[in-house]
Amino acid sequence: MITGPAEQRILVIGPSGAGKSSLARAIGGACGLPVFHLDRLYWQPGWREPDRTEFRAKVQAVAARPAWVIDGGYHSSLDLRLPRATHLIWLDLPRRIYALRAVRRILTYHGRQRPDVGEGCPEWFDRDFLFDWVWRYPTHGQPRDKRVFEALPPTIRGIRLATRANVRQFIAQLPTSLTDET
């Protein structure tokens, strides 16, 4: 069943640097949906991690809304978001693309606040994040995202975007691209 824009609840997942936040903003703008960035809900000033219960309560409150676009993996809260979703968009881009974008983002925002991250969290070079999280996505994150994508119930429309051309075409055709069956 295809829902109207007022009822759409769209998850955007994929590796860091793939463009989840940008895609979420494009969808939100084209469809008139509020956009929520999990990095913004999660990170406390100074890049401190929140209390798990507090974070889950924030995610639960957002997921309970009638319509939204939520970007971010955070599989520890997927159980709160996925049952409410109408769509799951998986940005499954090649590593050379998202890794380069992650480095470019660090250089562009270094020392400054990104709009999709919590207050008081200026961008900085974090070797562990870049190499252990971004670079290792194909062996750790991608198989997990693939399992989620392949196990979607028929009530959730899965959309896999695997190239920059796929993403550009999807954005150019919004909001129709959310209802196309191709």
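Reply: A note on labels before we start: helices (H or I, at least four residues) and strands (E, at least two) are DSSP runs, numbered from the N terminus. Also, this is a predicted model.

Me: Fine. Where is Trp47 found?

Reply: Trp47 is in the loop that runs between helix H2 (38-42) and helix H3 (52-63).

Me: What is phi of Trp47 near?

Reply: Near 60°, which is a positive value in a residue other than glycine. In general, most residues other than glycine have a negative phi.

Me: And is Trp47 buried, partly exposed or exposed?

Reply: Trp47 has a relative accessible area of 24%, so it counts as partly exposed. The buried class is under 20%.

Me: Which other residue has a positive phi?

Reply: Tyr74 has one, with phi near 40°, and it is not a glycine either. Tyr74 sits in the loop between strand S3 (68-71) and helix H4 (78-81).

Me: What about peptide bonds, which one is cis?

Reply: The bond from Leu174 to Pro175 is cis, with omega near 0°. Pro175 belongs to the segment after H8.

Me: Switching to packing. How do the axes of H5 and H6 cross?

Reply: Helix H5 (residues 95-109) and helix H6 (residues 127-134) have axes that come within 11 Å and cross at roughly 165°. H5 is therefore roughly antiparallel to H6, since angles over 145 degrees are put in that class.

Me: Left-handed or right-handed?

Reply: The crossing of H5 and H6 is right-handed.

Me: Which residues meet there?

Reply: From H5, Tyr98, Ala99, Ala102, Val103, Arg105 and Ile106; from H6, Phe129, Leu130 and Val134. The residues of this H5 contact with H6 divide into eight nonpolar, no polar and one charged.

Me: Last topic, Ala162. Where is it found?

Reply: Ala162 is in the loop between strand S5 (157-161) and helix H8 (164-172).

Me: Buried or exposed?

Reply: Ala162 has a relative accessible area of 17%, so it is buried.

Me: What does Ala162 touch, leaving out residues up to four places away in sequence?

Reply: On that count, Ala162 touches Asp92, Leu93 and Pro94.

Me: And what separates Ala162 from Gln44?

Reply: The C-alpha atoms of Ala162 and Gln44 are separated by 32 Å, and the two residues are 118 residues apart along the chain.

Note on methods: Residues numbered from 1 in each chain as written. Predicted model: local features only at pLDDT ≥ 70, side-chain atom pairs only at ≥ 80, totals over all residues. Heavy atoms only, no water. Axes fitted to C-alpha atoms, helices over the stretch in contact; angles between N-to-C directions. Parallel < 35°, antiparallel > 145°, perpendicular 65-115°, else oblique. Left-handed = near helix turned anticlockwise from the far one by under 90°. Contact = heavy atoms within 4.5 Å. Nonpolar A, V, L, I, M, F, W, Y, C, P; charged D, E, K, R; others polar. Buried < 20%, exposed > 50% of the residue type's maximum accessible area, 1.4 Å probe, protein only.
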